[in-house]
Amino acid sequence: MARGPKKHLKRLNAPRHWMLDKMGGVFAPRPTAGPHKLRECLPLMLVLRNRLKYALTGREVNAICMQRLIKVDSKIRTEKNYPTGFMDVIDIEKTDEHFRVVYDTKGRFIMHRITKEEASYKLCKVIKLQVGSKGVP
């Protein structure tokens, strides 16, 4: 019997939009519990290694994270498997780069480069919910 949450994720069971190759090993980085669901997120390791090409291996990603260089939504994240999702802002202090995680037309995550002013606010935040006439939200 399994005790506690699952800690591993096989590469072939990873979501398709992560775009991992089949022959790149047995396992994929499993995102930890956080603000986004497993199937609707991209672990920070895949962002730094596969998308932005800041590291070649998982060990290098771990070294970058442990130096406290990465901010997700203006908060330092040292966890390499932290789940980043739609409209999250990723700041890299040393290179002064800012990215927003958005979908492309085929439903895959892309890192859209943004300015410092644009990185200061978060889009798609529900402020007030109202119901209009005839129950139309």
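Me: How do α1 and α2 lie to each other, roughly parallel or roughly perpendicular?
Reply: This is a predicted model. In it, helix α1 covers residues 44-51 and helix α2 covers residues 58-66. They pack at an angle of about 115°, with their axes 10 Å apart. The range from 65 to 115 degrees counts as roughly perpendicular, so that is the term for α1 and α2: roughly perpendicular.

Me: In which hand does α1 pass α2, and which residues of α2 make the contact?
Reply: The crossing of α1 past α2 is right-handed. From α1, the contact uses Leu 44, Met 45, Leu 48 and Arg 49. From α2, the residues are Gly 58, Val 61, Ile 64 and Cys 65.

Me: How many nonpolar residues does the contact of α1 with α2 have?
Reply: The contact of α1 with α2 also includes one polar and one charged residue. The nonpolar class has six.

Me: How many of the eight residues of α1 are buried?
Reply: Buried means under 20% relative accessible area. In α1 that applies to Leu 44, Met 45, Leu 46, Val 47, Leu 48, Arg 49 and Arg 51. The helix is therefore largely enclosed by the rest of the structure, and the count of buried residues is seven.

Me: Which strands are included in what covers the buried residues of α1?
Reply: The cover includes a helix, α2. It also includes strands. These are β1 (42-43), β2 (70-72), β3, β4 (89-92) and β6 (109-114).

Me: Is Thr 84 buried or exposed, and what is its relative accessible area?
Reply: Thr 84 sits in strand β3, residues 83-84. Leaving aside neighbours within four places in sequence, it contacts His 36, Cys 41, Leu 42, Leu 44, Val 47, Val 72, Ile 90 and Val 101. Thr 84 is buried, and its relative accessible area is 0%.

Me: Which residue has its backbone oxygen 2.6 Å from a polar side-chain atom of Thr 84?
Reply: Among the contacts of Thr 84 are His 36, Cys 41 and Leu 42. The backbone oxygen in question, 2.6 Å from the side chain of Thr 84, belongs to Leu 42.

Me: What separates the C-alpha atoms of Thr 84 and Arg 100?
Reply: Thr 84 belongs to β3. Arg 100 is 16 residues from Thr 84 along the chain. Their C-alpha atoms are separated by 9.9 Å.

Me: Is Val 89 buried or exposed, and at what relative accessibility?
Reply: Val 89 has its place in strand β4. Beyond four places in sequence, its contacts are Lys 71, Val 72, Asp 73, Phe 99, Arg 100, Ile 114, Ala 119 and Tyr 121. Val 89 counts as buried, at 3%.

Me: How far apart in space are Val 89 and His 112, C-alpha to C-alpha?
Reply: Val 89 is in β4. In sequence, 23 residues separate Val 89 and His 112. In space, the C-alpha distance is 9.4 Å.

Me: What is the relative accessible area of Asn 81?
Reply: Asn 81 is in the loop between β2 and β3. Leaving aside neighbours within four places in sequence, Asn 81 contacts Pro 29, Arg 30, Pro 31, Thr 32, Pro 43, Leu 44 and Met 45. The cut-off for buried is under 20%. Asn 81 is therefore buried, at 16%.

Me: Is Ser 74 buried or exposed, and at what relative accessible area?
Reply: Ser 74 is found in the loop between β2 and β3. Its phi is positive, near 55°, though Ser 74 is not a glycine. Exposed means over 50%, so Ser 74 is exposed, at 58%.

Me: How far apart in space are Ala 63 and Ile 110, C-alpha to C-alpha?
Reply: Ala 63 lies in helix α2. Ala 63 is partly exposed, with a relative accessible area of 37%. Ile 110 is 47 residues away in sequence. The C-alpha distance is 23 Å.

Me: What pattern does the protein follow along the sequence?
Reply: The secondary structure comes to three helices and six strands. Read along the sequence, the pattern is β-α-α-β-β-β-β-β-α.

Me: What share of the 137 residues is buried?
Reply: The C-alpha atoms fill a box of roughly 55 × 45 × 30 Å along the principal axes. Of contacts between residues at least 6 apart in sequence, 37% join residues at least 24 apart. Buried residues make up 36%.

Note on methods: Residues numbered from 1 in each chain as written. Predicted model: local features only at pLDDT ≥ 70, side-chain atom pairs only at ≥ 80, totals over all residues. Heavy atoms only, no water. Axes fitted to C-alpha atoms, helices over the stretch in contact; angles between N-to-C directions. Helix = DSSP H or I, 4+ residues; strand = E, 2+ residues; numbered from the N terminus. Parallel < 35°, antiparallel > 145°, perpendicular 65-115°, else oblique. Left-handed = near helix turned anticlockwise from the far one by under 90°. Contact = heavy atoms within 4.5 Å. Nonpolar A, V, L, I, M, F, W, Y, C, P; charged D, E, K, R; others polar. Buried < 20%, exposed > 50% of the residue type's maximum accessible area, 1.4 Å probe, protein only. Polar contact = N/O pair within 3.5 Å; in protein donor to acceptor, adjacent residues only side chain to side chain.
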